[in-house]
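Subject: The structure we talked about

Hi there,

Here is the structure I promised to pass on. Please have a look, and then read on for what I found in it.

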There are 2 protein chains.
Amino acid sequence: MNDNRWSMIAAAALAGLLASGPAAAQFKDAEDATEYRQGAFHVMGNHFGRLGLMANGKIPYDAKAAEINAGIVATLSRLPWAAFLDGSDKGETDAKPEIWSQPEKFKSAALKMQDEVAKLDAAAKTGNFDKFKAAFGEAGKACKACHDDFRKKH
Amino acid sequence: MNDNRWSMIAAAALAGLLASGPAAAQFKDAEDATEYRQGAFHVMGNHFGRLGLMANGKIPYDAKAAEINAGIVATLSRLPWAAFLDGSDKGETDAKPEIWSQPEKFKSAALKMQDEVAKLDAAAKTGNFDKFKAAFGEAGKACKACHDDFRKKH
């Protein structure tokens with residue numbers, strides 16, 4: 001079995017692992033999928049950044065703003081994974097080949113992030129700053145761990 | 001008063017109209033804002049498209065999938081508006097100058113879309129296909145009306 005065949009199997013496994021569920025997006029082509037996931041990450045990163053400013057005391061803690069922004073991040077955290085389609089490792093993307101060659105490890109990292117973001121969303125709803133700050137720290141670690149392994153450095 | 005001055009005033013008015021609220025994003029620069037709003041529209045359009053496939057009978061109506069996708073669209077419908085920053089009418093954008101020269105009209109169109117999407121979200125939650133289909137049609141009209149006036153044709 002050649003390398004192409006292996007990567008097709010890995011991609012199919014990845015699609016099966018990540019693209020299921022009633023909210024899974026569908027894509028016209030690999031470029032559309034790449035734009036979709038980049039869009040989701042960009043919007044998510046923006047709102048996560050706002051939470052970071054609060055968690056790190058750069059702007060005052062505003063419980064309502066934290067709750068809304070954490071809710072946006074939680075919604076978006078579930079979206080990008082279905083868009084790592086076979087063939088969408090090309091073009092303008094920071095996605096490392098390891099996403100497709102280590103699909104189980106990638107899935108695990110993606111689920112860890114979603115889990116920590118769900119906890120952050122719950123913590124933000126309590127209105128308790130210390131809980132919010134702690135949950136933000138764990139969510140940030142989960143983001144970073146996945147970026148370290150699966151996103152190209154600039 | 002020269003044209004630049006007028007456009008600055010219009011942009012400030014637009015920012016005041018659209019960028020308020022605890023969920024309003026903040027941006028590093030105009031390019032960041034442009035990428036953010038394009039990302040939000042791209043993800044929103046994908047999930048709106050899935051709803052359209054169901055509303056138009058191209059795929060079977062799945063009440064749970066409709067509810068989840070409408071919820072994603074509703075969350076995203078509130079986001080792009082804060083990103084039409086002063087100076088973000090340049091570069092790779094389909095935003096027409098009218099967004100900045102007719103801020104009240106743009107705001108009205110943006111609010112109409114959010115309102116119709118909120119109704120679509122509520123209709124999807126009922127699980128009733130006819131209500132869902134009708135609400136989808138109204139939301140689609142609101143999208144199109146704003147695109148016709150404020151998005152460049154390709």
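This is a predicted model: local features need pLDDT of at least 70, side-chain atom pairs count only at pLDDT 80 or more; totals for chains, interfaces and linings use all residues.

The term stands for a side-chain nitrogen of Lys or Arg within 4 Å of a carboxyl oxygen of Asp or Glu. Both residues belong to helix α6 (residues 129–150) of chain B, and because they are 3 residues apart there, about one helical turn separates them. B:E138 is partly exposed at 36% relative accessibility, while B:K141 is exposed at 54%. Here buried is under 20% relative accessible area, exposed is over 50% and partly exposed is in between (1.4 Å probe, protein chains only).

Salt bridges that share partners also link A:K112, A:D115, A:E116 and A:K119 into one network. Within it, the side chains of A:K119 and A:E116 meet at 3.8 Å, N to O. These two lie 3 residues apart in helix α5 (residues 103–126) of chain A, about one turn of the helix. A:K119 is partly exposed, with a relative accessible area of 44%, but A:E116 is buried at 5%.

In chain B, B:K112 pairs with B:E116 in a salt bridge, with 2.8 Å between the closest N and O atoms. They are 4 residues apart in helix α5 (residues 103–126) of chain B, so about one helical turn lies between them. B:K112 is partly exposed at 44%, and B:E116 is buried at 5%. Over all chains, the rule gives 16 salt bridges.

**Where the chains meet**

How many salt bridges cross the interface of chain B and chain A? The rule finds 0.

On the side of chain B that touches chain A, α2 (30–55) and α3 (63–77) of chain B each supply at least two residues. α2(B) gives the most, with 11 residues. Helices here are DSSP runs (H or I, at least four residues), as are strands (E, at least two), numbered from the N terminus.

In total, 25 residues of chain B are in contact (heavy atoms within 4.5 Å) with 25 residues of chain A. The two chains bury about 2,000 Å² between them, 62% of it on carbon and sulfur atoms; that is the accessible area (1.4 Å probe) lost on putting the two parts together, summed over both.

**Core and fold**

The largest nonpolar core has 80 residues, of which A:L120, B:L51 and B:L120 touch the most other members. Such a core is a set of buried Ala, Val, Leu, Ile, Met, Phe, Trp, Tyr and Cys residues joined through side-chain atoms within 4.5 Å. Leaving out residues up to four places away in sequence, A:L120 touches A:F48, A:L51, A:A70, A:F132, A:A135, A:F136 and A:A139.

Chain A has 6 helices and 0 strands. Of its 154 residues, 44% count as buried.

**Conventions**

Residues are numbered from 1 along each chain as its sequence is written, with chains lettered from A and ligands numbered from 1 in the order in which they are written. Local features need pLDDT of at least 70, side-chain atom pairs count only at pLDDT 80 or more, and totals for chains, interfaces and linings use all residues, while side-chain values use heavy atoms, with hydrogens and water left out.

Best wishes
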